[in-house]
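Subject: Structure handover

Hello,

Please find the structure below, with notes on what was found in it. The notes follow directly after it.

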Amino acid sequence: ITEIQAALSKSKKASTPEQAISHLQEVQPYLQINSNLGGTVLLELAIALWQRNGVCDEALCGELLGNSHVRRDVQLLLKNGP
């Protein structure tokens with residue numbers, strides 16, 4: 001958990017989407033999409049990917065809509081963009 005929280009913190013301080021994505025993808029294999037922490041980290045990854053690519057990762061955002069911890073934030077992201 002500490003490594004995941006550290007990656008999340010580093011991603012929020014990253015100066016580019018690429019840096020944020022790099023930090024978050026390091027811990028992605030350890031995340032549970034329906035947990036609070038996993039959903040939060042994957043939401044940050046979805047935002048960084050959208051910022052880098054200019055388009056929403058619909059598969060990831062679709063999965064995150066099933067997470068009650070971040071559903072509202074995902075809905076806002078889909079409505080307003082990153």
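Leu 31 is buried, at 15% relative accessible area; buried stands for under 20% relative accessible area, exposed for over 50% and partly exposed for what lies in between, with a 1.4 Å probe and protein chains only. Leu 31 sits in the loop between α2 and α3. Helices here are DSSP runs of H or I with at least four residues, strands are runs of E with at least two, and both are numbered from the N terminus. Leu 31 touches Ile 4, Gly 38, Val 41 and Leu 42, with residues up to four places away in sequence not counted; contact means heavy atoms within 4.5 Å. The C-alpha atoms of Leu 31 and Ser 68 are 16 Å apart in space, and the two residues are 37 apart in sequence.

On the source: this is a predicted model, in which local features need pLDDT of at least 70 and side-chain atom pairs count only at pLDDT 80 or more, while totals for chains, interfaces and linings use all residues. Residues are numbered from 1 along each chain as its sequence is written, and side-chain values use heavy atoms, with hydrogens and water left out.

Nonpolar core

A nonpolar core is taken as a set of buried Ala, Val, Leu, Ile, Met, Phe, Trp, Tyr and Cys residues joined through side-chain atoms within 4.5 Å. The largest one has 22 residues, and Val 41, Leu 45, Leu 60 and Leu 64 have the most contacts inside it. Two or more residues each come from α1, α2, α3 (36-53), α4 (58-64) and α5 (71-80). The largest share, 8 residues, is that of α3. Val 41 is in contact with Ile 4, Leu 8, Leu 24, Val 27 and Leu 31, leaving aside neighbours within four places in sequence.

Also in helix α3 is Ile 47. Beyond its neighbours within four places in sequence, Ile 47 is in contact with Leu 77 and Pro 82. Ile 47 and Asp 57, 10 residues apart in sequence, are 8.9 Å apart from C-alpha to C-alpha.

Helices α1 and α2

Two packed helices are described by the angle between their axes and the distance between the axes. For α1 and helix α2 (residues 17-27), the angle is about 170° and the axes are 8 Å apart. Axes are lines fitted to C-alpha atoms, for helices over the stretch in contact, and angles run from 0 to 180 degrees between N-to-C directions. The two helices are therefore roughly antiparallel, given that angles over 145 degrees count as such, under 35 as roughly parallel, 65 to 115 as roughly perpendicular and the rest as oblique.

From α1, Glu 3, Ile 4, Ala 7, Leu 8, Lys 10 and Ser 11 meet Ala 20, His 23, Leu 24 and Val 27 of α2. These contact residues divide into 6 nonpolar, 2 polar and 2 charged. Ala, Val, Leu, Ile, Met, Phe, Trp, Tyr, Cys and Pro count as nonpolar, Asp, Glu, Lys and Arg as charged, and the others, Gly among them, as polar.

Ser 11 lies in helix α1 (residues 2-13) and counts as buried because its relative accessibility is 7%. Not counting residues up to four places away in sequence, Ser 11 touches Ala 20, His 23 and Leu 24.

Cysteines and α4

There are 0 disulfides in the structure, a disulfide being a pair of cysteine sulfur atoms within 2.5 Å. Cys 56 is in no disulfide, and its nearest cysteine sulfur, that of Cys 61, is 3.4 Å away. Cys 61 counts as buried, at 3% relative accessibility.

Glu 58, in helix α4, is exposed because its relative accessible area is 65%.

Loop between α4 and α5

Asn 67 is placed in the loop between α4 and α5 and counts as buried, at 0% relative accessibility. Apart from neighbours within four places in sequence, Asn 67 is in contact with Ile 33, Asn 34, Ser 35 and Gly 39. The C-alpha atoms of Asn 67 and Asn 53, 14 residues apart along the chain, are separated by 24 Å.

Regards
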